[in-house]
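User: I'm new to this structure and would like to learn about its pockets. Could you walk me through them?

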Amino acid sequence: MENRTELTLKIDHLNVSIKTENGLIKPVNDISLEIPRGKVVGIVGESGCGKSMTARAVMGLLPPATKIEGGSILLDGNELTGHSEEQLCGVRGSEVSMIFQEPMTSLNPVMKVGRQVDEVIRVHQKVPLAEARKMTIEMFRAVGISEPEERYECYPHQLSGGLRQRVMIAMAMIMKPSLLIADEPTTALDVTVEAQILRLMKELNKSGTSILLISHNLGVIAQVCDYVYVMYAGQFVEEADVFALFDQPLHPYTKGLLGAVTSLRREEAVLETIHGVVPDFSELPDGCGFAARCEKCMERCSALMPRMAETEPGHRVRCHLYSA
Ligand SMILES: Nc1ncnc2c1ncn2[C@@H]1O[C@H](COP(=O)(O)OP(=O)(O)OP(=O)(O)O)[C@@H](O)[C@H]1O
Ligand SMILES: [Mg+2]
């Protein structure tokens, strides 16, 4: 927190590989991303495109058989790749923390939720239990948990999905990290609770926390993010300011994602879909990963990987339609 750089997070040409039965795959392929301090940045893309793997790389929580093959991850100006597990433990929770899609899998079912948050405090700070309890209850109140003293004594199963997610957010925010990573934080919640949680994230952001929000849902991204990266088959294919992305999507994949959002207008009642499925990572073509599903596909598309090109300041796209 002391080291205040202009960018909270700067990922440069990050590559992550996994050894599988079908050979080496690259779920994170040459990813570069920046989160300016105090901003909310989104990653959107279909299931399996590498969103969580990117987040896990930042947290130093990659699964076994996975390897960072190259690139750099700067958090507040400090390089995280190459950190030992012990160094990463010091960073996790205090400088960067993450909330997951399903809080039930991340909370300890046999421990009172209040105590679980106390533990996070006591891992990073030498404070007496009574002091930690006070801090936890204050944080519960800050994230909109009513009757925080009573909730402190509850076990996870005694709380609703929305309250459990608030506990997770309290746990993630308790050390006031520079960066909060939220990986599909509202996917398991109904829409009213989703709206409350998104509002809460906006409030946390206003109080100074930079946020990386991961979702397959463009509606969620539109509500909270300042800037968006569109991910497809391990790569970013488009990135832009949220308004530019929704007003003028460039990549055929982004256009497809936007077309797949349900429209309430009667004349547009037919829901468009992107035909085909995300390709298997072990069978990616040499060229653009989207080529086989793309209506605009040209000869060079499946042979040659397009490069990221800037069409307007801050709006970049990886597509041969826009390369000079
Ligand atoms: N433990 C693992 N072992 C082998 N391959 C994995 C493992 N976890 C993920 N993968 C591969 O990495 C790819 C990216 O996975 P990732 O979890 O990052 O996708 P995602 O974009 O977060 O998808 P979702 O929207 O479903 O959460 C997957 O398609 C899968 O092929
Ligand atoms: Mg995921």
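User: How many nonpolar residues are in the lining of the largest pocket?

Analyst: This is a predicted model, where local features need pLDDT of at least 70, side-chain atom pairs count only at pLDDT 80 or more, and totals for linings use all residues. Residues are numbered from 1 along each chain as its sequence is written. A pocket is an open set of points on a 1 Å grid over the protein atoms alone where a 1.4 Å probe fits, with protein on both sides within 12 Å along at least five of seven lines, and lining residues have an atom within 4 Å of a point. With Ala, Val, Leu, Ile, Met, Phe, Trp, Tyr, Cys and Pro taken as nonpolar, Asp, Glu, Lys and Arg as charged and the others, Gly among them, as polar, the lining has six polar, two charged and 12 nonpolar residues.

User: Which domains give residues to the lining of the largest pocket?

Analyst: Domain bounds come from an automatic or database domain assignment. The pocket lies between two domains, because both give residues to its lining: domain 1 (7-95 + 177-322) and domain 2 (96-176).

User: Which helix supplies the largest share of that lining?

Analyst: Helices (H or I, at least four residues) and strands (E, at least two) are DSSP runs, numbered from the N terminus. Strand 6 (96-99), helix 4 (113-124) and helix 7 (161-173) each supply at least two residues. The largest share, five residues, is from helix 4.

User: And which strand gives the most to the lining of the second largest pocket?

Analyst: Strands 1, 2, 9, 10 and 12 each supply at least two residues there. With six residues, the most comes from strand 2.

Note on methods: Chains lettered and ligands numbered in written order. Heavy atoms only, no water.
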